[in-house]
Amino acid sequence: MLKSHQHAVIIATAATAVAMASPAAAKVEGDTIVLGSALSETGKYSTNGIHAKNGYNIAVDLINKRGGVKVGGKSYKLKIIYYDDESTPARGAQLAERLIRQDGVKYMLGPYSSGLTKAIAPVTEKYRIPMVEAEGASRSLFTKGYRYLFAVLSTSEQYLASAIQLAAEIADRNGKKRSDVKIAMAFENDPFSLDVRAGVLADIRRLGMRVVIDDRLPRDLSDMSATLTKVRALQPDLLVVSGHSKGAATAARQVKELKIATPMIAMTHCESAKIVSKFSAAVNGFLCPTQWAETLSYTGEYFGSAAAFDNKFKATFSGYRTVPYQSAQAAAAVLVWKDAFERANGFDPEKVRDAIAATDMVTFYGPIKFSEAGNNIAKPMVLRQIQDGRYVVVAPSKWASHKVQWPRKVQ
């Protein structure tokens, strides 16, 4: 069994200084196709960076064990060169340059977070290097006209929109006017969370609800007691929070400490922050948007069903009670590369780029089809609720495996 900090495929790890090296034509080395990724193994995003790395590695390992990538009648294995971007955009851009100019990488996997993806995308675009990314959901990434950037995940404005719709449906069932529904918002001041906020605001306006708190929180969120004090005073019907893994842990801890009784709480990054194992029954009833869930009916050639991926991942990496969607979508990004190489039937980056753009496939993670802007337009988000320590899908109703529990019980 692989520990979560170990690599199924270990080629290179973080370098604290960019060592001098002569350029190398590393797009294909013998019978091996080389992918590159600057990924957060230290710093603010390290938790999710490791989740993503585990997803990349489990997919590479499975593809290689099942015969590799078939191109021109020959089988090729995949391997990945990794560097630690230290959760810093400038470092990520520097390492992308290193991967391309010194290591000779022609095919990129993305970093973790929208901020790091925004830093690296101009580099890959400059060198015309295709990048399939799985962890940058900011919709602003897909408004800049990039030709070489492709994302397997749904964009960020969709993350908490389903929670707003659910609040409206609950109000309707209880005979409450939607205009009387009060929403409290707390969003970290970073590209991803501000895009989530934009989607939430659009749905609040569409559904005619009221915003009573709209707080911008600092990056590297470690305290939101001021916001929660206002929540306790104004008694909103729904509190929505986005602050990456550290923000989710902070929010869950302080909701418990301050005994916040809001009947609905929805926030991003519940699973990756491991709030169930950290805060137990105190987070029952929390609503958590997800790109993927093991109960969904998706099935693909590799890994089989969503449930089968869930089982394999837990058997491969220790310490996972719930598989983070960050890992699932990272694995899906590797599958896109395999499919594109085989359809291009060659390694020319432009032809492979065009094959990626024409992707139309179904995987354990869901359907993947890219718009002209490069975002995945085929896969919806779903909303899970923590019920008795388990994450269960409650919305949209088409995908729901359980009924929503409302109001949440305050522990």
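Which element gives the largest share of the lining of the largest pocket? I looked this up in a predicted model, where local features need pLDDT of at least 70, side-chain atom pairs count only at pLDDT 80 or more, and totals for chains, interfaces and linings use all residues. Residues are numbered from 1 along each chain as its sequence is written, and side-chain values use heavy atoms, with hydrogens and water left out.

**Pockets**

I found that H4 gives the largest share, five residues. Helices (H or I, at least four residues) and strands (E, at least two) are DSSP runs, numbered from the N terminus. A pocket is an open set of points on a 1 Å grid over the protein atoms alone, with protein on both sides within 12 Å along at least five of seven lines, and lining residues have an atom within 4 Å of a point. I noted a volume of about 210 Å³ for the largest pocket, volume being the space filled by probe spheres set on the points. Its lining has 13 residues, and Leu166, Glu169, Val394, Ala395 and Ser397 lie nearest the centre. Helix H4 (161-173) and strand S18 (390-395) are the elements that give two or more residues to this lining.

I then read the second largest pocket, at about 150 Å³. Its lining includes Leu335, Lys338, Asp339 and Glu342. H10 gives the most here, with four residues.

**Helix H10 against H1**

I followed H10 (residues 325-344) to H1 (residues 46-65): the two pack at an angle of about 40 degrees, with axes 7 Å apart. Axes are lines fitted to C-alpha atoms, for helices over the stretch in contact, and angles run from 0 to 180 degrees between N-to-C directions. H1 and H10 are therefore oblique to each other; angles under 35 degrees count as roughly parallel, over 145 as roughly antiparallel, 65 to 115 as roughly perpendicular and the rest as oblique. Contact means heavy atoms within 4.5 Å. Residues of H1 that meet H10 include Gly55, Ala59 and Ile63, and those on the H10 side include Ala330, Val334 and Lys338.

**Cavities**

I counted three cavities of 30 Å³ or more; a cavity is a set of points where a 1.4 Å probe fits but cannot get out. Tyr112, Glu135, Tyr159, Phe192 and His269 are the closest to its centre, out of 14 lining residues. H10 gives the largest share of that lining, three residues.

The second largest cavity holds about 40 Å³ of space. Tyr112 is among its lining residues, with Lys44 and His244. The largest share of this lining, three residues, comes from H7.
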